[in-house]
Amino acid sequence: MEAGESTRNCFVETMVTSKKIVLAKNLNGEPKESDFKIIEEDLPALKDGEILVEAVWLSVDPYQRGHASRIKLGDGMIGVAVSRIVESRNPDFPVGKLVVSTHGWRTKSVLDVNKPGDARLPKPYLLPDFQGLPASLGVGFLGMPG
């Protein structure tokens, strides 16, 4: 740092960017790559109680096709994900743990784990230890469709 330069200029908050899969066209017949589009979005900084997660597994389930007919073009695809916590402002959700949430088809998300869930969108929860079984079971056999 040069003499007289303020220390506040030394700390730059890094913006986290996520990729999100959105519906580009109404589904007709078998889904095609052209039915979807990948967009990037900047995520907000974490607030107290929130966590930043990075998707490890995303669900692709039969109910999503029916849901796609009810969402607007450009809206993100819904779905359950098993994600790794990469930053946390919640002591109950430590960095490195896996969490199950309904943040849709996104590479990263900021989740408010204190926000109450409901039957349609349950609140995020830590993935149980499957004792050597794959974490993908959290969106498959041991997840919502299982």
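Predicted model: local features only at pLDDT ≥ 70, side-chain atom pairs only at ≥ 80, totals over all residues.
Modeller: Residues are numbered from 1 along each chain as its sequence is written, and side-chain values use heavy atoms, with hydrogens and water left out.

Colleague: Which pattern does the protein chain follow, read along the sequence?

Modeller: Let's begin with the elements: the chain has 1 helix and 7 strands. Helices (H or I, at least four residues) and strands (E, at least two) are DSSP runs, numbered from the N terminus. Read along the sequence, the pattern is β-β-β-α-β-β-β-β.

Colleague: In what order do the 5 strands of the open sheet stand?

Modeller: β3 (residues 50-58) and β4 (residues 81-88) pair over 7 bridges, β4 and β5 (residues 98-101) over 4 bridges, and β5 and β7 over 2 bridges. The edge strands, each pairing on one side only, are β6 (108-112) and β7 (125-126). The pairing is antiparallel, and the order is β6-β3-β4-β5-β7.

Colleague: Which residue in β7 does Val100 stand opposite?

Modeller: Val100 sits in β5, where it is the bridge partner of Val82. Turning to β7, the residue opposite Val100 is Tyr125.

Colleague: How many residues make up the largest nonpolar core?

Modeller: A nonpolar core is a set of buried Ala, Val, Leu, Ile, Met, Phe, Trp, Tyr and Cys residues joined through side-chain atoms within 4.5 Å. Buried means under 20% relative accessible area, exposed over 50%, and partly exposed in between (1.4 Å probe, protein chains only). A second, separate core has 7 residues, including Val53 and Phe93. The largest core, with Val82, Val100 and Phe130 among its members, has 9 residues.

Colleague: Which side chain is joined to that of Ser83 by a polar contact of 2.9 Å?

Modeller: Ser83 lies in strand β4 and is buried, with a relative accessible area of 0%. Not counting residues up to four places away in sequence, Ser83 touches several residues (heavy atoms within 4.5 Å), including Val53, Leu98 and His103. A polar contact is a pair of N or O atoms within 3.5 Å; within protein, one must be able to donate a hydrogen and the other to accept it, and residues adjacent in sequence count only if both atoms are side-chain atoms. The partner at 2.9 Å is the side chain of His103.

Conventions: Pairing = 2+ DSSP bridges.
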